[in-house]
Amino acid sequence: MIPIYAMISTSLKTQEEVALQKYLVPPQKLQTSNYAKAFEALKIGLRNSLIISLSATFVCILIGSMAGYALTGFNFRFATYLFFAIVVVTFLPYHVILIPITQFLKTLNLLNTYWGLILIYVILNAPMATLITGTFFMKVPPDLEEAAILDGCKPFKYYLKILLPVSLPGLISATILVFIQIYNEFLLGIALTRGPQVKPVMPFLAELKGTQIAQWHIQMAGAVITSIIPVLVFIFLGRYFISGLMAGYGKG
């Protein structure tokens, strides 16, 4: 809690108070204007991040859940090896392929566009969505699918009408993790954009410190503002997230 307190306390101080480097001392007079300055600098980035994160997360969960169902619901050859490969890919650092990613988007003429960032985030995070949703689908009793098939239910209808509603906590858990991963991403946001038009909020936040004089109070106000969206996600969906993790961990 101390880092959070220091962040909020610093965000309400003046430049002179911050220069004293007494970060745990409460502000003498609350400087709420710091938040107005920070929001003015971040509002375009917040808009861009919401557009990119929501779109990429939706596509990731859609592709990931369908892939998870295909890998766990159908006994085809190499399914186990493919699932293991997805597990490995999920934990590989994407930084090692940053240059190929840039060349790939340049070839498609998608550099500095929403579509380019959404495409890359989907490619990088769909394996994680597949891994999480596939793990939850393994916990669904096979009798449920067998009963649906006996009633004439086709695989896609079973996936859409039965499997997804039954696995809702798992889907929400995957949605939260993928959304936070994309929203907090920094390197791709700064490497694949030029100018403020499509740049996500994290590069904007890094630039808030200033170039000549370190404006930590403004940057900390910006950090509080950018933290609001992930915190709200956890507040509204947190109970599903915890129950989803417990369901995926406890059954089997």
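Hi everyone. Let's start with a group of rings: Tyr 69, Phe 74, Phe 156, Tyr 158 and Tyr 159 together make up one aromatic cluster. Please keep in mind that what we're looking at is a predicted model.

In total, five aromatic pairs are counted here. One of them joins Tyr 69 and Tyr 159, which are stacked, with 5.8 Å from centre to centre and 20° between the planes. What does that pair tie together? Tyr 69 belongs to helix α3 (residues 33–73) and Tyr 159 to helix α8 (residues 155–166), so the contact links parts that are 90 residues apart in sequence. And are these two buried or exposed? Tyr 69 is buried, at a relative accessible area of 6%, and Tyr 159 is buried too, at 4%.

Another stacked pair is Phe 179 with Tyr 183, whose centres are 5.9 Å apart and whose planes are 15° apart. Here both partners sit in helix α9 (residues 168–183), four residues apart, which is about one turn of the helix.

Now for a ring with a charge. The charged end of Lys 199 sits over the ring of Phe 204, at 5.4 Å from its centre.

Finally, the annotation. An unreviewed UniProt entry lists "transmembrane region" for residues 50–71, 78–101, 113–137, 158–183 and 218–242. I checked two of those spans in the model. Residues 158–183 are 96% helix and 0% strand, and their end C-alpha atoms lie 32 Å apart. Residues 78–101 come out at 67% helix and 0% strand, with 28 Å between the end C-alpha atoms.

Technical notes:
Residues numbered from 1 in each chain as written. Predicted model: local features only at pLDDT ≥ 70, side-chain atom pairs only at ≥ 80, totals over all residues. Heavy atoms only, no water. UniProt positions renumbered as here; feature names shortened; annotations may be inferred. Helix = DSSP H or I, 4+ residues; strand = E, 2+ residues; numbered from the N terminus. Phe/Tyr/Trp six-rings, centres within 6.5 Å; stacked < 30°, edge-to-face > 60°. Buried < 20%, exposed > 50% of the residue type's maximum accessible area, 1.4 Å probe, protein only. Lys NZ or Arg CZ within 6 Å of the ring centre and 35° of its normal.
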